Amino acid sequence: MTVQRTLSIIKPDAVKKNSVGQIISRFETAGLKVVAVKKVYLTRETAGEFYAEHKERPFFGELVDFMTSGACYPMVLEGDNAILKNRELMGATNPNKAEAGTIRHDFALPCTDLSANAVHGSDSEESAAREIAFFFASADLL
Ligand code: CMP
């Protein structure tokens, strides 16, 4: 058993649809614990810094526009193989290709803008460590 922590962000589209509680429930039902959570309004600067690895991608500007369009709920999830488990719960990046029962299928359809895919989740131990530290101080994670 490998207990891990990962960062999830409930994105502005899911917040506007009033789906925050239902999405957190998916995590908890799957055995993940919410160690820390808060509501944030990203600025163009903080959104750009968070997604810096995508800076050269053609969708970067639209992604920053979208992530600054409303409130987000970043949270730290903890549990056995939390990084992979969270990614399985989220489903494919493109909600139109996500399997039924995944968060992106169930909360992000219909979807015409790939930035509006309900949730973000860390994709590796390295990105989880960086992304958790981006939003939370160690004292928030006790
Ligand atoms: P996320 O997990 O937040 O990480 C980067 C985000 O870029 C991704 O989810 C999508 O919401 C967004 N994005 C927008 N366009 C694309 C695209 N063409 N390919 C991949 N990701 C995209």
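Helices here are DSSP runs of at least four residues, numbered from the N terminus. In this predicted model, helix H7 spans residues 125–135, and Ser127 has its place there.

Ser127 has a relative accessibility of 10%. Buried means under 20% relative accessible area, so Ser127 counts as buried. The side chain of Ser127 also has a polar partner: a contact of 2.8 Å joins it to the side chain of Asp123.

The other part of the structure to follow is the ligand site. The space that the ligand takes up is the largest pocket. Around the ligand stand Lys11, Tyr51, His54, Phe59, Leu63, Thr93, Arg104, Leu114, Ser115, Asn117 and His120. Sorted by class, this shell consists of 4 nonpolar, 5 polar and 2 charged residues. Tyr counts as nonpolar in this sorting, while Lys and Arg count as charged.

For His120, a polar atom of the side chain is 3.0 Å from a ligand oxygen atom. For Asn117, an N or O atom in the side chain is 3.2 Å from an oxygen atom of the ligand. As for the ligand surface, the ligand on its own has 450 Å² of accessible area, and the protein covers 78% of that area.

Methods: Residues numbered from 1 in each chain as written. Predicted model: local features only at pLDDT ≥ 70, side-chain atom pairs only at ≥ 80, totals over all residues. Heavy atoms only, no water. Near = heavy atom within 4 Å. Polar contact = N/O pair within 3.5 Å; in protein donor to acceptor, adjacent residues only side chain to side chain. Areas by Shrake-Rupley, 256 points an atom, 1.4 Å probe, with all protein chains shown as cover. 1 Å grid on protein atoms, 1.4 Å probe; cavity = no way out; pocket = protein on both sides within 12 Å on 5 of 7 lines; lining within 4 Å. Sits in = over half its atoms within 2 Å of the grid points. Helix = DSSP H or I, 4+ residues; strand = E, 2+ residues; numbered from the N terminus. Buried < 20%, exposed > 50% of the residue type's maximum accessible area, 1.4 Å probe, protein only.
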